[in-house]
Amino acid sequence: MSAASALIEDRRLRILKSLEEMMDRRLNEEVLVRMIAASGRPIDIDTLRADLTFLQHQDCVSIEKMPRMHGDLWVVNMTATGERVASGVQRLHGVARNLMF
């Protein structure tokens with residue numbers, strides 16, 4: 001595995017772990033960008049949206065697009081599959097394995 005692939009997979013896991021921290025398993029993209037950056041993984045909104053689209057295709061999240069003046073705000077909801085991947089119960093190609101149980 002390349003270093004770039006490892007970083008992408010780790011970033012996707014961090015997205016799921018951030019959602020897992022929320023009682024309702026829901027965050028908007030602006031808060032997610034801040035949480036990912038605060039964990040030492042620099043990210044911009046386009047990269048986050050690409051990762052969220054990947055995670056949506058894998059049934060780990062659902063995305064609601066809320067209209068606003070300067071484009072949609074994405075609100076992300078974690079699914080049961082996303083919870084299993086975040087907790088390390090289920091392995092998903094493209095997302096780092098959670099080694100902390």
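Me: How many helices and strands does the protein have, and what makes a stretch count as one?

Reply: The secondary structure comes to four helices and three strands. Both kinds are DSSP runs numbered from the N terminus: a helix is H or I over at least four residues, a strand is E over at least two. Read from the N terminus, the order is α-β-α-α-β-β-α. Heads-up: this is a predicted model, where local features need pLDDT of at least 70 and side-chain atom pairs count only at pLDDT 80 or more, while totals for chains, interfaces and linings use all residues. Numbering starts from 1 along each chain as its sequence is written, and side-chain values use heavy atoms, with hydrogens and water left out.

Me: What makes β2 and β3 a pair?

Reply: Two strands pair if DSSP finds at least two bridges between them. β2 and β3 (residues 73-78) have six, in the antiparallel sense, so they pass the rule. One spot to look at is Val61, which stands opposite Met78 in β3.

Me: And why are some strands called edge strands?

Reply: The three strands form an open antiparallel sheet in the order β1-β3-β2. β1 (26-28) and β2 (61-66) each pair on one side only, so they are the edges. Neighbouring strands here are turned by 20° against each other on average, direction ignored. Helix α2 (residues 29-38) packs on the sheet, touching β1 and β3, and its direction makes about 90° with that of β1. Such angles run from 0 to 180 degrees between N-to-C directions, with axes fitted to C-alpha atoms (for helices, over the stretch in contact).

Me: Why is Arg11 called buried?

Reply: Buried means under 20% relative accessible area, exposed means over 50%, and partly exposed is in between (1.4 Å probe, protein chains only). Arg11 has 14%, so it is buried. Arg11 is found in helix α1. Contact means heavy atoms within 4.5 Å, and, leaving aside neighbours within four places in sequence, Arg11 is in contact with Ile36, Arg41, Ile43, Thr47 and Asp51. Across the protein, buried residues make up 41% of the 101 residues.

Me: What makes a group of residues a nonpolar core, and which members touch the most others?

Reply: A nonpolar core is a set of buried Ala, Val, Leu, Ile, Met, Phe, Trp, Tyr and Cys residues joined through side-chain atoms within 4.5 Å. The largest one has 24 residues, and Ile15, Leu16, Leu52, Leu55, Val61 and Val95 touch the most other members. Two or more residues come from each of α1 (3-21), α2, α3 (45-57), β2, β3 and α4 (80-87). Take Ile15: beyond its neighbours within four places in sequence, its contacts are Leu32, Ile36, Leu48, Asp51, Leu52 and Leu55. In soluble globular proteins, nonpolar side chains do tend to be buried together.

Me: How do you know that Arg41 and Asp10 form a salt bridge?

Reply: The rule wants a side-chain nitrogen of Lys or Arg within 4 Å of a carboxyl oxygen of Asp or Glu. For Arg41 and Asp10 the N to O distance is 2.4 Å, so the pair qualifies. Arg41 sits in the loop between α2 and α3 and Asp10 in helix α1, 31 residues apart. At 25% relative accessibility, Arg41 is partly exposed, and Asp10, also given as 25%, is partly exposed.

Me: How many salt bridges does the rule give, and which residues do shared partners join into one network?

Reply: The count comes to nine. Arg14 and Glu21 make one, with the closest N and O atoms 3.5 Å apart. Arg26 and Glu64 make another, at 2.7 Å. Salt bridges that share partners join Arg11, Arg12 and Asp51 into one network.

Me: Why is Asp59 classed as partly exposed?

Reply: Its relative accessible area is 44%, so Asp59 falls in the middle class. Asp59 lies in the loop between α3 and β2. Its phi is near 65°, a positive value in a residue other than glycine. Arg25, in the loop between α1 and β1, also has a positive phi, about 55°.

Me: How do you know that the radius of gyration agrees with a compact globule?

Reply: The radius is taken over C-alpha atoms, and the globule rule is 2.2 Å times the number of residues to the power 0.38. For 101 residues that gives a value near 13 Å, and the protein has 13 Å, so the two agree. The C-alpha trace spans about 40 × 30 × 25 Å along its principal axes.
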